[in-house]
Amino acid sequence: MFVSIVLSALIAQPVFAQEADKVKNQEAYIDGLIERMTLEEKAGQLTTYGDEIRLLNPDINPDVNRRKGEDLIKEVRAGRVGSLFNGRGVKGGRLAQSAALQSRLKIPLLFGADVIHGYRTVFPVPLAEAASFEPQLAERTARVTAIEATAAGLHWNFAPMVDIARDQRWGRVVEGSGEDVYLGKLFAAARVRGYQGENLANEDSMLATPKHFAAYGAVSGGMDYNTVDISPQTLREVHLPPFKAAFDAGALSTMSSFNEINGVPASANRELLTDILRGEWGFKGFVVSDYTADMELIAHGYAANEREATKLAFLAGVDMSMQSGFYIKHLPALVKAGEVPMAALDDSVRRVLRLKAALGLFDNPYRSLDSEREAADIGKPEHRALARDAARRSIVLLRNVNDVLPLNKTSKIALIGPFAEDRHHLHGPWTLFADAKEAITVAAGIRAALADASQLEIVQGSNVEKPIKGGIDAAVEAANRADVVVLAIGEIHEMSGEAQSRTDIVVPAAQQVLAEAIAATGKPMIVLLRNGRALALQGAVRDADAILVTWFLGSEMGNGIADVLFGDYNPSGHLPVSFPLESGQQPYYYNHKSTGRPFIRGEAPEFKARYREAPNEALYSFGHGLSYSKFKYDPVKLSSKRMAWDGSITVSTRITNTSSRAGEEVAQLYVRDRVASSTRPVRELKGFKKIRLDPGQSEQVSFTLTRADLQFVGADLQWIAEPGAFDVWIAPSSVQGTRESFELERAK
Ligand code: BGC
C-alpha cells in the first residue's frame with residue numbers, strides 16, 4: 001500500500017529527510033499514475049468546480065441543483081474533475097469522494113473552500129484581526145478555522161488573502177491585513193502556519209492558498225478587477241513580499257489573480273507565475289486560477305478564444321483551472337496538436353498529485369470526512385471563547401475625549417443606530433458556512449454586561465442608507481433620557497468584499513444625519529463604527545466623544561464590544577489602515593514618498609504637493625490606537641550612531657504606563673532611508689512589540705536592526721542596501737515619536 005509522506009522537497013522538516021525511501025515510493029506511485037493516465041484524466045486533475053454535489057440544496061432550485069449535482073458526479077466518476085470547492089458537510093463529501101473512488105484510477109478528490117475567517121465560529125474579518133498587531137492571535141484563529149473546516153470535510157483553504165491594500169475604496173481591503181508590508185508579511189505567515197498545522201497529513205490540517213497572486217490590491221481607482229499599472233520595483237517591494245513570507249511559512253498552493261499587470265493579465269503572466277514564483281522563489285506547490293480567471297483572458301482582450309485562453313493560462317503557469325472548465329475542454333486537444341508539451345502537462349499533474357499525497361488522501365481518501373468529528377469539533381465553546389478574545393483584541397479606540405470610556409455598568413444607555421440590534425452584518429462579507437442567528441448582536445452583548453438590563457434603551461433611528469419616518473425624533477428622545485449614547489453606525493457587509501468598491505468612503509448620509517441630531521442633544525456620544533475598510537469620518541461622527549472601530553467582528557461581536565465599552569478589556573488594537581480626512585485622498589498610505597515639493601505645515605503652501613480642500617495628513621494614521629491606560633515613551637536611544645555593513649545596532653526606548661490601569665501598548669519601529677538611488681518612503685515599519693504594563697510600570701523595549709532591514713529593490717530589481725544616513729523612531733503610531741539617526745557604513 002502506498003504510504004503518504006510529504007515530500008522532503010516540499011516541506012523541509014527533518015522527519016521527512018529520514019523517510020527518503022517512502023518519498024521515493026510516493027514519487028514512483030505518482031509517476032506510475034501519470035503513465036497510466038489518459039490526456040483527459042490529466043486535464044481532469046487540473047480542473048476544479050463549485051461543489052454542486054454538496055451544494056444539493058433542496059430549498060433553492062431543487063431540480064436545477066439536483067441535475068447539476070448528478071452531472072457532476074458523472075464527471076467525477078469519469079475522472080474529469082480533480083477537485084471541488086465551497087461545498088460543506090461530511091455526508092455529501094463522502095458521496096463525492098466515493099464517486100472519485102469509482103473512477104478508473106481512483107484518484108481522490110481535493111475539497112477546497114473559502115474559509116476566510118472561520119467556519120461556523122466566525123472570527124473578526126482579517127483586516128480587523130490585523131489591528132490586534134498579534135500575528136500569534138491570527139495563527140490561533142486560523143488553527144481553529146482549519147479544525148472546524150476539516151471536520152466539515154474540507155482540505156484546502158482559499159486563504160489567507162495577503163494582498164496589500166493602499167486604496168480604501170477597494171472593497172477587498174477587508175479580506176487582508178491592510179496597507180503595510182511588514183505587518184502583512186507577519187500575518188500572512190501566521191495564518192499559513194495556523195491552517196496547515198504541524199503536518200499537512202494530519203486530519204485537521206488544511207492546505208493554505210495565499211492569494212491573489214499578484215498585485216490585486218493595486219487596482220486602479222480602487223475598483224475591483226481593474227487594471228494594475230505598476231513599476232516592477234513597487235510590485236516586488238510592496239505586493240510580492242507577503243506571498244514570499246507565506247511560501248516561506250510552508251504554503252503550497254496559490255491563486256492567480258483577476259487583474260492584469262502592466263498589460264499582461266496575472267492569470268497568463270509567465271514572468272509572475274513561472275519566472276518569479278518558481279524560478280526565483282523555488283515554489284514547489286501548484287497554482288490555481290481565480291474563479292474563471294482563465295476565461296476572463298478573453299474579456300481582457302488578451303486571448304481571442306477559449307482555446308487560446310487555455311493555452312496562455314496553462315503555459316504561463318496556472319496549473320489548475322477554477323470553474324470555467326476550459327482545461328478539461330481544451331488541454332487534451334492542445335497537447336495532441338503539440339501546442340502544449342506533454343511534459344508541462346505532466347508537471348502540473350504531478351504538482352497536484354503530490355499535494356493530494358501530502359494531505360494523506362491516497363492513504364485515506366476519506367480523511368476529514370468523519371461524521372463524529374463533524375459533530376464534535378465544530379462550534380465548540382472554546383472556539384467561541386477565542387472568537388470573543390479575538391473580537392475585543394481587534395477593536396481600535398480612535399478617540400476618547402475626557403476619558404468618557406470605559407462606561408459604568410450602572411449608566412443609563414441609549415443604544416441607537418441601524419446596527420444596534422442587527423444580526424446580518426456581524427460576520428462580514430466572506431462567510432459561506434456560518435449562521436447569522438448564532439452571532440451575538442451589539443444589543444445582546446451590552447445587555448449581558450449591564451448590572452440591570454432595563455438601563456438599556458434601544459432605538460434604530462435610521463436605516464443604513466435611508467431615513468426612518470420619525471426615527472430621528474425617537475432617537476433624540478431616547479438620548480435625552482439617557483446618561484450616554486452609544487451610536488452603532490457604519491457599513492453593511494455588502495459595502496465591502498468582492499466587487500464592492502466605493503467612491504465615497506463615508507458613513508452613509510442617513511446615518512450621518514442621525515449622528516448630527518444625537519450630537520446636538522449634548523449627551524456624551526460613543527460611536528461604534530462597523531466597517532470593512534478605513535472610512536473618512538465627518539462632522540458629528542468625527543467629533544464624537546469616543547470612537548471605537550469595531551469592523552465586522554464575527555460570532556462574538558456584541559460581547560467583544562461590551563468587554564471594551566465597560567473596560568473588562570482595555571483596548572489594544574492599532575490601525576492597519578490609515579483613516580483619511582477625505583475620500584479624495586485615496587490612495588492614502590502612511591509609507592508614501594516625499595515628492596520634490598513636500599508641503600511642510602507652517603510653511604507657505606504655494607506650489608507644494610497638496611490639495612486645496614484638505615490637509616495631506618490622515619485623520620488617524622496607520623498604527624494609531626488608544627488604550628484606557630496612558631503610555632509615555634522616552635526619547636529613542638541607539639547602541640551606536642554607526643552600523644557596520646555586516647553589523648547591527650540596537651534601538652530602544654523606555655515605555656511607562658503613567659495611568660492607574662493595566663494595559664497593552666504596541667511599540668512600533670519605523671525607519672527612513674534619507675538618500676538612496678531609488679527614493680524611499682517617509683517612514684517604513686520594521687518591527688513592533690505588544691507589551692503589557694501594570695500601572696506605573698516601565699519597560700525597556702529594544703529592536704535590533706541589521707542591513708537586511710534597510711534593503712529596498714534597486715534599479716536591477718535586486719534587494720540592496722546603500723550606505724548612508726537613516727532616521728529611526730519607536731512610536732505609538734506612524735506619525736509620532738522622537739527621531740534618532742544613524743549611519744550605515746560602507747562594506748570594508
Ligand atoms: C474570489 C476568490 C475566491 C474564489 C472562489 C473568487 O471570486 O476572487 O477570492 O477564492 O472566488 O470562491
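In this predicted model, glutamate 129 is buried, with a relative accessible area of 3%. Glutamate 129 belongs to helix α6 (residues 126–130) and arginine 191 to helix α8 (residues 181–196), so the pair ties together parts that are 62 residues apart in sequence. In general, side chains of opposite charge can pair when their charged atoms come close.

The structure holds 53 salt bridges. Another of them links glutamate 280 and arginine 236, again with 2.9 Å between the closest N and O atoms. Because glutamate 280 sits in helix α11 (residues 270–280) and arginine 236 in helix α9, this pair ties together parts that are 44 residues apart in sequence. Glutamate 280 counts as partly exposed, at 46% relative accessibility. Arginine 236 has a relative accessible area of 13% and is buried, because buried means under 20%.

A further salt bridge joins the side chains of glutamate 40 and arginine 80, at 2.5 Å from N to O. Here a helix is tied to a loop: glutamate 40 lies in helix α3 (residues 39–45), and arginine 80 lies in the loop between α4 (62–77) and β2 (83–85), so the linked parts are 40 residues apart in sequence. Glutamate 40 is partly exposed at 35% relative accessibility, and arginine 80 is partly exposed with a relative accessible area of 21%.

Salt bridges also form a network. Glu134, Arg388, Asp389, Arg392, Arg393, Asp563, Glu664 and Lys690 are linked in this way.

Next comes the ligand. There are 13 residues around the ligand, of which Asp114, Arg172, His212, Asp290 and Glu498 come nearest. By class, this shell has six nonpolar, two polar and five charged residues. Several polar distances can be given for particular side chains. A polar side-chain atom of histidine 212 is 2.7 Å from an oxygen atom of the ligand, and for lysine 211 the corresponding distance is 2.8 Å. In asparagine 86, an N or O atom of the side chain lies 3.3 Å from a ligand oxygen. The ligand on its own has 310 Å² of accessible area, and the protein covers 93% of it.

The backbone has some features in the loops. Between phenylalanine 213 and alanine 214 the peptide bond is cis, with omega near 5°. Alanine 214 lies in the loop between β5 (207–208) and α9 (232–239). Alanine 215 is also placed in the loop between β5 and α9. Phi of alanine 215 is positive, near 65°, in a residue other than glycine. Alanine 215 counts as buried, at 2% relative accessibility.

The loop between β11 (396–400) and β12 (413–416) holds proline 406. The peptide bond from leucine 405 to proline 406 is cis, with omega near 0°. Aspartate 403 is found in the loop between β11 and β12 as well. Although aspartate 403 is not a glycine, its phi is positive, at about 50°. Aspartate 403 counts as partly exposed, at 43% relative accessibility.

Key: Residues are numbered from 1 along each chain as its sequence is written. This is a predicted model: local features need pLDDT of at least 70, side-chain atom pairs count only at pLDDT 80 or more; totals for chains, interfaces and linings use all residues. Side-chain values use heavy atoms; hydrogens and water are left out. A residue is near a molecule or strand if one of its heavy atoms lies within 4 Å of it. A polar contact is a pair of N or O atoms within 3.5 Å; within protein, one must be able to donate a hydrogen and the other to accept it, and residues adjacent in sequence count only if both atoms are side-chain atoms. Accessible areas come from the Shrake-Rupley method with a 1.4 Å probe; for residues, only the protein chains shown count as cover. Ala, Val, Leu, Ile, Met, Phe, Trp, Tyr, Cys and Pro count as nonpolar, Asp, Glu, Lys and Arg as charged, and the others, Gly among them, as polar. Helices (H or I, at least four residues) and strands (E, at least two) are DSSP runs, numbered from the N terminus. Buried means under 20% relative accessible area, exposed over 50%, partly exposed in between (1.4 Å probe, protein chains only). A salt bridge is a side-chain nitrogen of Lys or Arg within 4 Å of a carboxyl oxygen of Asp or Glu.
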